[in-house]
Amino acid sequence: GRGACDMKGGLAAMISTGAALKRARARLKGNFAIVGLANTKTGKSSSLKQLLEKFQLSPDYLVACPPTNLDINLAHPGQATFEIQTYGRMSNLGNPTKGENAILKMNKVLDCILSNIKLPEDKDFGKANMVISSIASKPIEQFHSVPNVCYALMVRQIFEKEDPEEIRKDLLNILKKNNYKIDEEVK
């Protein structure tokens, strides 16, 4: 599965390389350290920067081992995560016209964003990816209600010198231009 490829395979490769260097008594021009970070995709990981500061490391080079289809990459794009919320009006399933389905509203919001966003291109990485990675509604697991809140998680690759706050503002501007009421029906 994905976990075997990203990141167990890469971590195994780094550990094997470290062991081989040690066995060969390789003379390096500096220190060699293997760092494994967990939860990097969720944004809940201790950052590499924090680890470098904590252990007072200042590497000349870093080698990361995410899956690349065996291509060597000289850099890696970052990512920005945005939570989108839409608000509707709850009603009983027996009388759905009295409600406003937040999931259906989210569908329109996401379609609006995806059809109007201009994704940047990078000479090394190509066009930025943007993915809706999860969606949930409230009330949760209620089979008798039209949901009044819907949450979606959108993940966007970012390139050097891009500011996630500027991307957020662009997303809000797209919604405003398409007559969505910010904070009232979408946040």
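**Notebook: cysteines, rings and charges**

I searched the whole structure for disulfides and found zero; a disulfide is a pair of cysteine sulfur atoms within 2.5 Å. I checked C112: it is in no disulfide, and the nearest cysteine sulfur, that of C150, is 15 Å away. This is a predicted model, where local features need pLDDT of at least 70, side-chain atom pairs count only at pLDDT 80 or more, and totals for chains, interfaces and linings use all residues. Residues are numbered from 1 along each chain as its sequence is written, and side-chain values use heavy atoms, with hydrogens and water left out.

**Entry: cysteine burial**

I looked up accessibility next. Buried means under 20% relative accessible area, exposed means over 50%, and partly exposed lies in between (1.4 Å probe, protein chains only). C112 has 7% relative accessibility, so I noted it as buried. C150 is at 1%, so C150 is buried too.

**Entry: aromatic rings**

Rings of Phe, Tyr and Trp (its six-membered ring) pair if their centres lie within 6.5 Å; planes under 30 degrees apart count as stacked, over 60 as edge-to-face and the rest as tilted. My search of the whole structure gave one aromatic pair. F125 and F159 have ring centres 6.1 Å apart and planes at 5°, so I logged the pair as stacked. F125 sits in the loop between β3 (121-122) and β4 (126-127), and F159 in the loop between β7 (149-158) and α4 (164-177), so the pair ties together parts that are 34 residues apart in sequence. Helices (H or I, at least four residues) and strands (E, at least two) are DSSP runs, numbered from the N terminus.

**Entry: salt bridges**

I counted six salt bridges in the whole structure. A salt bridge is a side-chain nitrogen of Lys or Arg within 4 Å of a carboxyl oxygen of Asp or Glu. One of them joins D124 and K123, with the closest N and O atoms 3.5 Å apart. D124 is exposed at 58%, and K123 is exposed at 79%.

I moved on to helix α4. R168 bridges to E165, with the closest N and O atoms 2.8 Å apart. R168 and E165 are three residues apart in α4, so about one helical turn separates them. K169 and E166 meet in a salt bridge at 3.6 Å, N to O. They are also three residues apart in α4, so about one helical turn lies between them. K169 is partly exposed at 38%, and E166 is partly exposed at 40%. Last, I noted one network: salt bridges that share partners join E100, K105 and E185.
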